[in-house]
Structure formats: C-alpha cells, structure tokens
Amino acid sequence: MNLKSQPSIYPKRYKKTKTNMLFQLPPEIMEIVLDNLHQRELLQMSQINKYFRHLTLLRQYSVISIDSSPKLFQRDTKSLNDFQELRGVYQLDSYSIRAVNISSVYCLKLFFKTLIENPQYGGYIKIFHVEHLPDIPDLHVVEFLQRVLPLMNRLKEFHWNHSYPVSMKLLQYNLELTAVSGNILCDNINMDAYPLLNEAVLTVTDFHLPLRKLTIKNVDLNNISVNTTLLKSLTIENCSNEKDFLIKLDAPRLEDLSLSIEDQPFFAKMFSQLHLKSLKLSIPEQCEMLKVSHILNFLNKDISRLEISNQPDSHSYKILPKFNNLDYLHLSVLEKDIYKLLSSLTKKLRFLSLNVLEATERRNCLIASEFWECSMIDENQLKYTDFTLEYHRKLDRLKWLRFQGNDTTYIFECNESEPIIFRDGFYHYFDRIVNTLI
C-alpha cells in the first residue's frame with residue numbers, strides 16, 4: 001500500500017520545492033522572469049497560488065490588445081521569429097511589457113464582464129489597443145466601453161484602429177492619458193482637459209498643449225490653433241487649406257510627415273526646410289505640374305522611410321540613388337518599369353512595397369487558352385516570383401517585398417537558407433512587420 005502511494009507523493013514534493021525556489025527569488029529576478037513569459041504561461045503561473053496570482057495580475061491587465069487578425073504560426077525564419085517576439089510588446093514608462101491579446105468574441109465579452117465584476121482591475125490597465133475587432137456589433141463594443149473606461153483611472157494610452165469611429169467623450173474620465181490615436185472624434189470636448197497628452201487626434205481647431213505626435217482630420221486648417229514646437233510626427237487627413245497651414249508651421253523637430261498635397265510648386269520646396277526621417281505622401285492624379293521627381297529633389301537624402309502613392313516620372317529613377325539610408329520604400333510603378341526601378345535602389349533597402357499599374361497576366365502563347373482557364377497555377381505569383389528573385393539577387397539586405405496588382409496582393413520573404421518564400425495570406429501583416437522590425 002505504501003509503495004502504491006509513493007508515485008503520488010513525490011510529484012507533490014517536487015512541485016512544492018520548485019515553488020519554494022520561486023518564492024526565494026529576488027523581486028528583480030522575478031521581474032525578468034515575468035518579462036519573458038507569454039500570455040498562456042502567465043495564466044498558468046497565476047493558478048499556482050494566491051501569491052503568484054497577485055504577482056501576475058498586474059501583467060495580465062497592464063496592456064490589453066484586441067486583435068482578431070488571422071494568426072501566424074510560421075517561425076521558420078529569423079525575420080518572422082523576431083516579428084513574433086517583438087509583436088505586441090509595448091513601452092510602458094521605463095520598461096517593455098507584452099500585451100495580453102484578445103481575439104474572439106467570447107474572450108472579449110469575458111474581459112468586459114470581469115472588469116465590471118472586479119472594478120479594481122481597471123486601475124491596472126495602462127494601455128488599451130484595438131487593432132481588429134472580432135465579429136461583434138460595433139454599438140455593443142461602444143456600450144461596453146462606456147461602462148469600463150471610467151474604471152481605467154490610470155489609463156495612459158488609447159489606440160482605436162477600427163473603421164467605426166468613437167468619441168473622445170468616452171475618455172472624459174481618463175485624464176492621465178498621454179496618447180490617443182486612431183479613428184477618434186473629439187468634437188464638443190475640451191482637449192486641453194488632458195494635461196499629460198503628447199499624442200492626439202484632432203477634429204477640432206483649438207488645442208494649446210505641446211504635442212509630439214499629432215493627427216489632424218476633417219478641419220479647415222485656416223482656423224486651427226495648435227502648439228507644434230515639440231512636434232515630431234504630423235498626419236493631415238481630409239483637411240482644407242493645407243498650404244497656409246504648412247507655410248506657418250513652426251515644427252523644428254518634425255521627423256515624420258503624412259499628407260496629401262495639391263498641384264502647387266510650393267509644396268516641393270517646403271520639404272527642403274524639413275529634416276524628415278519618414279514621409280508618406282499622396283498627390284492627386286489630376287495634378288500635372290507637381291511630379292514625384294520635384295518632391296524627391298528637395299527631400300533630405302538621409303530619409304529612411306518613403307511612401308509615395310503616385311507613379312514616378314522618368315527623372316525620379318535618377319534621383320532615387322541619392323537616398324543611401326532608405327530602409328522602406330513604397331511606390332506605384334508600371335509593370336514594365338519594375339526592373340528599371342531595381343537599378344535605382346540602394347542596397348541598404350530592407351522592405352519594398354510596389355503598387356503595380358497595368359499588371360498583365362503571364363501566359364505562354366503556345367498553350368491553349370482553355371488550359372489557363374482551368375489551370376490551378378497562379379500566373380501572377382509566378383511572374384512576381386521572378387521579379388523577387390532578381391531583386392533578391394541584386395539587393396542583399398532586402399527582406400520583404402509586397403506586390404499589389406489586379407486586386408490581389410503577393411508577399412515574399414527573402415531568406416538566407418532559401419532564396420525567397422511566398423507568404424500566402426500575409427497581406428494582413430506586411431505593414432505590421434515593417435513597423436515592428438524597422
């Protein structure tokens with residue numbers, strides 16, 4: 001009888017010994033251990049006893065990320081492994097912390113229910129990030145937010161990257177906010193009531209606190225009054241009178257700029273006065289005077305990220321080589337010019353996105369058209385594979401390429417062990433991979 005009982009005793013003794021060892025670790029070591037635990041591991045650790053439940057509670061609620069995008073399971077290359085490790089890691093005060101991700105309707109409702117039943121948990125939440133809501137009515141989510149946001153009295157950052165806009169009135173009790181971004185409406189609310197704010201979205205014309213990151217949407221810029229002396233990042237969306245605003249812009253620290261510009265030579269010269277690291281630019285198609293080469297001529301040669309939605313003119317290909325530190329480039333090009341563009345790119349380029357205009361399907365004229373209609377072969381994938389192979393051969397630091405054309409998107413990864421890898425379904429993640437790894 002004693003012999004039979006021994007197998008059930010030893011595991012308990014061993015588990016107790018392991019737990020005692022964790023109890024004896026200094027707080028600094030425990031912090032390092034917790035920093036390296038993923039969501040499921042934190043949950044398992046919280047179930048050991050009350051001590052570990054309390055220890056992990058802060059980590060489980062500090063950063064909440066709601067994202068139902070398709071999950072990636074590949075970790076077969078260094079680039080993807082780095083992305084998976086860095087994805088969902090946020091800077092909070094002086095340290096980095098991994099977010100708890102909510103991806104299903106059940107988990108989202110359970111999260112809101114837990115907060116409502118345990119209001120004290122709301123004080124733990126510092127960052128609330130919505131990237132892609134699961135399949136739940138938007139109005140239901142807004143109703144939940146109306147109930148739980150007042151409980152988050154220590155909330156620092158609120159990011160709402162969802163198509164349905166929400167009002168800043170939902171955050172009227174979160175006065176410790178330092179960052180607000182995404183699809184936000186701040187009409188009929190005093191934005192100056194947030195004294196710690198350094199990142200904001202403005203759909204009003206009056207704001208006097210100095211900001212470091214600013215998005216201005218749907219306003220007449222002639223009427224806006226905003227302090228830009230500390231501004232590092234500026235995005236202008238669907239606004240009027242950009243010219244007058246940019247002429248008067250006093251932002252000596254500006255590094256990142258995103259806007260759509262009119263057909264006026266002034267805008268090209270404006271870039272010579274800025275020392276930008278990142279530029280996202282759209283020129284209306286009807287513009288004839290202002291060409292991409294005019295913009296490139298005046299840009300800082302040390303820029304590292306360049307996104308221009310328009311097709312470059314012939315002179316642009318001669319200017320592109322001056323950007324020696326370019327890390328990411330997005331352009332619209334004719335399919336016949338894809339190889340021409342290759343000769344103009346710096347070898348330091350790591351990420352490339354091409355919107356392919358007038359894309360054609362590659363077919364062998366010796367094969368009957370009936371074959372291609374019934375074939376499972378993706379002709380465009382084969383064609384873009386050839387382009388990628390040539391780019392990979394010439395640009396040894398290139399890691400990711402995106403081709404967009406014929407209403408489809410093709411993502412390729414360049415790797416050392418294999419020349420290239422086609423990443424099916426990665427169109428959800430290309431921009432996040434770029435933003436995470438740059």
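I note that the model is a predicted one.

I then took the total, which comes to 18 aromatic pairs. Of these I examined Tyr 339 with Phe 387, an edge-to-face pair with 5.0 Å from centre to centre and 65 degrees between the planes. This pair joins distant parts of the chain, as Tyr 339 belongs to helix α12 (residues 338–342) and Phe 387 to helix α14 (residues 379–394), 48 residues apart. I checked accessibility for both: Tyr 339 is partly exposed at 41%, whereas Phe 387 is buried at 7%.

I next turned to Trp 400 and Phe 426, which count as stacked because their ring centres are 6.1 Å apart and their planes lie at 20 degrees. Trp 400 is in strand β20 and Phe 426 is in the loop between β22 (420–422) and α15, so the pair ties together parts 26 residues apart in sequence. I found both Trp 400 and Phe 426 buried.

For Tyr 384, I recorded that the charged end of Lys 383 sits over its ring, 5.0 Å from the centre.

Lastly, I inspected helix α5 (residues 78–86), in which Ser 79, Leu 80, Phe 83 and Gln 84 are buried. Viewed down the axis of α5, these buried residues fall within an arc of 130 degrees and therefore line one face of the helix. I traced their packing to β3 (95–98), β20 (400–405), β21 (408–414) and α15 (430–437). After α5 comes Gly 88, with a positive phi near 80 degrees.

Note on methods:
Residues are numbered from 1 along each chain as its sequence is written. This is a predicted model: local features need pLDDT of at least 70, side-chain atom pairs count only at pLDDT 80 or more; totals for chains, interfaces and linings use all residues. Side-chain values use heavy atoms; hydrogens and water are left out. Buried means under 20% relative accessible area, exposed over 50%, partly exposed in between (1.4 Å probe, protein chains only). Helices (H or I, at least four residues) and strands (E, at least two) are DSSP runs, numbered from the N terminus. The arc is that of the directions from the helix axis to the C-beta atoms. Contact means heavy atoms within 4.5 Å. Rings of Phe, Tyr and Trp (its six-membered ring) pair if their centres lie within 6.5 Å; planes under 30 degrees apart count as stacked, over 60 as edge-to-face and the rest as tilted. A charge sits over a ring if NZ of Lys or CZ of Arg is within 6 Å of the ring centre and within 35 degrees of the ring normal.
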